[in-house]
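The report below is written for a reader who is new to this structure.

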Amino acid sequence: MDLIELRNIHKTYSLGEVDLPVLKGVSLNIARGELVALMGASGSGKSTLMNILGCLDHPTSGEYWLDGHEISWLTATERARLRNRVIGFVFQSFNLLPRTTALENVLMPLIYTKENLNEHQKKQRATELLRRVGLADRIHHQPSQLSGGEQQRVAIARSLVNNPRVLLADEPTGNLDSRTSEEILEMFQQFNSVDGITVILVTHDPGVAKHARRTIHIKDGLIDGTEQPVHEGIA
Amino acid sequence: MRLYSTLKIAFSALGRNVMRTLLTTLGIVIGVGAVITMMEIGNGTTIAIQRTMASIGADTLVVVPGAVSISGVNQGSGSRMTLTPQDADAIVKECPAVRSVAPIVRARTQVVYGNRNWVPTYIYGTTPSFLDVREWTDLDKGEAFSEHDVLNSSKVCIIGQTIVSELFGGESPIGKEVRIRNVAFKVIGILQKKGANVMGMDQDDILLAPWTTIKYRVVASSLSSGNQSSTNTASNAEVTAVSQIYPNIQQNLYYVPTASEQADAPQPIRFTNVDQILTAAQSGSQIPFAIEQITTLLRERHHLRATDLNDFNVRDMTEIAKAMSSTTELITKLLLCVAMISLVVGGVGIMNIMLVSVTERTREIGLRMAVGAEPGDILRQFLTEAIVLCLLGGTLGIILGRGSSYLVSAVLHWPTAVSVGAIVAAVIVSASVGVIFGFYPAWKASRLDPIDALRYE
């Protein structure tokens, strides 16, 4: 069984009297270790799909199998535990805690972990990840002292600190210049190929999508085709 | 999520905006500070009121001998002779709830000075601690008699203001001699004016002398005859006068020995009794314990078996004591009301700022939820923050309260007393204010939808 399986997912928002269907029966499979881009214009339903994939929301109907479990009807608390254990998030606007050092930002998800780690182990894991994203000399800097690219690297380190299966990146390069974007995307590729972490890039930018091994197009709440671009990243 | 990391987050969140944190806690600081200041001033006031109440005898206990029945005729309370001066000494030594004890020997007779005479309401033979029991130690003039005078049966006395005006007119009584049944007493002190007691009895109409002097030199007849009621025979001037008015009721059935015959064949003296023992409890609240301790002690000293009734009675000033306790209770309640209001106001301030803080940090909450914080974690975090705020305010409030109550006592000379209870209560109350007023914002934060929270601008 694949890591992620969506079967006929519907999501409908009700705005008072009117029901607004956003996802109209999405089915897709993502295997372990894949690097997938989820592409679509704004309003296509890709954010909604990402929220469902990231367990932030549950679908109106349909099945969501994650790592062999049906999780579409979990409670808020159970979803929170799942997010903590299985999913890492990288956001467009970095979402680092202000006035908090890079190290503490990376340590933050570990506050909520059920794993039994002592302070030393936690710190070691966070420092190691910061070293891997190339910020070994900046672990005590606060976000305001870091460039956009560096902030996003801290965010990537944070998303990986719980050893998740899936990394969900929502427009990870939307706020970065093209050179930095390239570096960040290469970093995703590296974590994907070296550590075998499944990465889902949500974007509207074909330039970003071409870094993925497979691109899933979404349009008007439906899958609009899948393509495998010519692979050109460092494998 | 461990307590340590929760506290760490709370402190770093509060530390992010120190000025706002301090201003937020100000409500609690002032509230708790006010509570403690008021409680301490209130405590001081209560003590001052208790002292005043004590001076009218609220903490006084009177031990009187029990009643004796002669052929079925009860002679009334005090007719039995069971109390000794040694009982008085034992009470003050062995009853921790008793502050002071004075044995009393009563007499009611004429006091003569020069060509004037007067029958005081009270002629008390006692010890110097009587003044202590009655909170009367500051004399108007002169000085009190001493324990030494009691041992020596010195013929000295101190008198109240009424006797001064009745016997001496404008003269200064100090050093003058008054005669009681032809015994000359030197006046060495004058009591301060005390006025009437609650019963309307003039408390200044009093003459105090060493009890040994009154007992052996003034009412000496009661020593040898064993029973006070039977001493009221021919030798007693007052009773003689009564029998002259009603000649038929006082029949001497037995031979009355003359004074010289009495002196030749003295009755065996078993013990010296006193008419009552006046005691003062440590404080108004100690009265029940004092009664219990005195009762136990005297039963033991009088060798009473478990089945025997008490041969004495301990009476307290229930009415006055009740007035005292209701007064202090009223003060405490009043202060509690004021305290509650100020703490509620402080709590509303905390709630207000916590709501602002939740709104301000919506994105942070969204992020924490996205990386796996459960609603319960968020609730706990904000609740902890509110409680930390309140406890911080409580601590500062305690310092402020102690400081200002010190200032009040130093500058205004109001009586204050440290109230440990108030400090403990302030800490507990400020923590509960944190829980109560922090709960709604924290609950609101935990109910946030992570998607909306992350998108919040």
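## Strands, chain contact and cores

In strand 14 of chain B, B:Asn313 is the bridge partner of B:Val64; helices (H or I, at least four residues) and strands (E, at least two) are DSSP runs, numbered from the N terminus. This is a predicted model, in which local features need pLDDT of at least 70 and side-chain atom pairs count only at pLDDT 80 or more, while totals for chains, interfaces and linings use all residues. Residues are numbered from 1 along each chain as its sequence is written, and chains are lettered from A and ligands numbered from 1 in the order in which they are written.

| Partner strand (chain B) | Residues | Bridges to strand 1 of chain B |
|---|---|---|
| Strand 13 | 276-281 | Four, antiparallel |
| Strand 14 | 312-316 | Five, antiparallel |

A residue is buried if 20 or more other C-beta atoms lie within 10 Å of its own, exposed if 12 or fewer, and partly exposed in between, with C-beta atoms placed from the backbone.

In chain A, four strands form an open sheet in the order 2-1-4-5, with antiparallel pairing. Strand 2 (18-30) and strand 5 (69-70) of chain A stand at its edges with a single partner strand each, so one side of each is left without a neighbour in the sheet. Two bridges join strand 5 of chain A to strand 4 (residues 61-66) of chain A, and A:Leu66 stands opposite A:His69 there.

A:Asn8 is partly exposed, with 13 other C-beta atoms within 10 Å. A:Asp220, in the loop between strand 9 (214-219) and strand 10 (222-227) of chain A, also has a positive phi, of about 50°, and counts as partly exposed with 14 C-beta neighbours inside 10 Å.

Helix 1 (residues 46-53) of chain A is mostly covered, seven of its eight residues being buried, among them A:Lys46, A:Leu49 and A:Ile52. Just after helix 1 of chain A, A:Cys55 takes a positive phi of about 60°.

Where the chains meet, 17 residues of chain B are in contact with 17 residues of chain A, contact meaning that the C-beta atoms of two residues, placed from the backbone, lie within 7 Å. The largest share of the side of chain B that touches chain A, five residues, comes from helix 14 of chain B.

The largest nonpolar core has 114 residues, and those with the most contacts inside it are A:Leu38, A:Val106, A:Ile200, A:Leu201, B:Ile350 and B:Ala386. Such a core is a set of buried Ala, Val, Leu, Ile, Met, Phe, Trp, Tyr and Cys residues joined through C-beta atoms within 7 Å. Helix 15 of chain B gives this core its largest share, eleven residues. Leaving aside its neighbours within four places in sequence, A:Leu201 is in contact with residues including A:Leu38, A:Phe188 and A:Val208. A second, separate core of 62 residues includes B:Met53, B:Val133, B:Ile158 and B:Val178.

Technical notes. Two strands pair if DSSP finds at least two bridges between them.
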